[in-house]
Amino acid sequence: MDKLATWQTEHGVNPYPYTFTPTHTSTGLHNTYAELENGTETEDTVTVAGRIMAIRNSGMFLDVMDTKGKIQVFCHKESLPAEFLPQLKLLDIGDIVGATGTIRRTPRGELSIRAKSFQLLSKSLLPLPEKFHGLTDKETRYRQRYLDLIMNETTRDTLRKRSAIISSIRQYLVDAGYLEVETPILQPIAGGAAAKPFTTHHNALDMDLFLRIAPELYLKRLVVGGLSEKVFELNRNFRNEGISPKHNPEFTMMEVYEAYADYHDMMTLTENLMAHAAKVATGSTKVMYQETEIDFTAPWPRKTMAECVKEATGVDFMAIETDDAAREAGKQLGVHVREFDRWGHVLEQVFEEKIEHTLIQPIHITDYPVEISPLAKVHRDNPRLTERFETRVNGWEVANAFSELNNPIDQRQRFESQLGERDQGNDEAHQMDTDFVTALEYGLPPTGGLGIGIDRLVMLLTNSTNIRDVIAFPTLKQKS
RNA sequence: GCGAGUUUAGCUCAGCUGGUAGAGCAAUCCCCUUUUAAGGGAUGGGUCCAGAGUUCGAAUCUCUGAACUCGCACCA
């Protein structure tokens, strides 16, 4: 652009200088001078910096936006030294500038800085989207998130809240004595969940590796080793599956393991963590999501999966003895049943198709069938069930937790049973991880474990209806 | 993967039954020094998503493809 050259040749200005030192933020000034009356001038000199979002009256009024907000810079020819006036004409919407001047409030009530000087800090070469409608095209908003952030306060707010939520969870756990750890993202066996992994290859080792679908098996190894009785990891998982408003191929999971705890303890921890995060993000444990108020205030109801199904359908799966009878019952209820489904698969399928979407307020669904819970400990009162729960909010799975299976003999059998399912066509059945079984053979203490889907929690706490709105750079197809 | 929809200027969008490509904002130039989407005047700006077809003539009709959006499926 010509203006870029003009800055350099006619004004000897480097349009991309190295440093600048603002003394104040826009929001800080709005707070400090909240009581300043209209039409008042002060002698208080401040320096701010930010992006020009609007220019009015040929540069007399600049709206400057910094991370905290906006403030008007008032460039009047009587208060701005004459040498700045030609430079004023060279400013564009989108330029980043610093300005120094005195605080005043205009007769119409706009807190402003009466500029004594300003400095170009970065020249913008591309025009910003139109100011009134802003940037609304969803594709551009996701592909060029920087533009979305410049133009849309909601986007800035959502992603800042995401950061606050993650910090609050981390801080809560650290304060409670949990040790934050890191475990491999590149794994030779993608374990800890049922999902299709991304595959990659290490050249020097000539070895295929998988991006992890869950950190679970490594975190339990750390508990076996006694690194800490309470560990957690807050990081990305990768699942090679469809993209939807609730699924991104890479997503953020918090997993925590606590020795000598069981799944009841994990329910309490889930409630405390989410209620805390809700308060940090929204100021309250009662959160408006779309048209519904969701109440995260602890404690939350707990109900077994079989009870839910019995209440909603009248069918008591606990009274069904065989897999054949379970499949028949599933078909009777109009639920999708596969030929290799056993009692537990059918029970879960009925739950998902008939009940899940009705669970709006936070609830722990407990006592999952053993067939679909290969890493959870058998229920102390019933061998067909496990001590596992999933927390549902707004019909979504937001947490999954167990009393961890720590009996190595049982674990080996569960893996073998999963291999059997794999042979029957369930390509997401769990793989055998012999080293993990070996770790259990050295002894994992009784342990409670919990995973929380951070992105979905952030969606709920920021009133977002698409997971892409809570991920700064969501996965998109490459433009050809 | 399936269905519906969208794709036109930097942005937000018009463009009818096929007949020379439009507006507002942004940009450039001029006027204007107390504006709040500032205002007035002038000017420039297009691979109408891509390719093929129908037609004298296609942004518009047909087919194929692409990206996106929404819904569904998948995601135990």
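The surface near RNA strand B has 20 charged, twelve polar and twelve nonpolar residues. Here Asp, Glu, Lys and Arg count as charged, Ala, Val, Leu, Ile, Met, Phe, Trp, Tyr, Cys and Pro as nonpolar, and the others, Gly among them, as polar. This is a predicted model, in which local features need pLDDT of at least 70 and side-chain atom pairs count only at pLDDT 80 or more, while totals for chains, interfaces and linings use all residues. Residues are numbered from 1 along each chain as its sequence is written, chains are lettered from A and ligands numbered from 1 in the order in which they are written, and side-chain values use heavy atoms, leaving out hydrogens and water.

RNA strand B is surrounded by 44 residues, the closest being Ser58, Met60, Arg108, His247 and Glu348. A residue is near the strand if one of its heavy atoms lies within 4 Å of it. Sugar or phosphate accounts for 57% of the RNA strand B atoms within 4 Å of the protein, and bases for the rest.

Polar contacts (pairs of N or O atoms within 3.5 Å) include these:

| Side chain | Part of RNA strand B | Distance |
|---|---|---|
| Gln72 | base nitrogen | 3.0 Å |
| Glu139 | sugar or linking oxygen | 2.6 Å |
| Glu241 | sugar or linking oxygen | 2.5 Å |

Strand 3 (70-74) and helix 4 (138-143) are the elements that give two or more residues to this surface. Helix 4 has the largest share, four residues. Helices (H or I, at least four residues) and strands (E, at least two) are DSSP runs, numbered from the N terminus.

Terms used
Polar contact = N/O pair within 3.5 Å; in protein donor to acceptor, adjacent residues only side chain to side chain.
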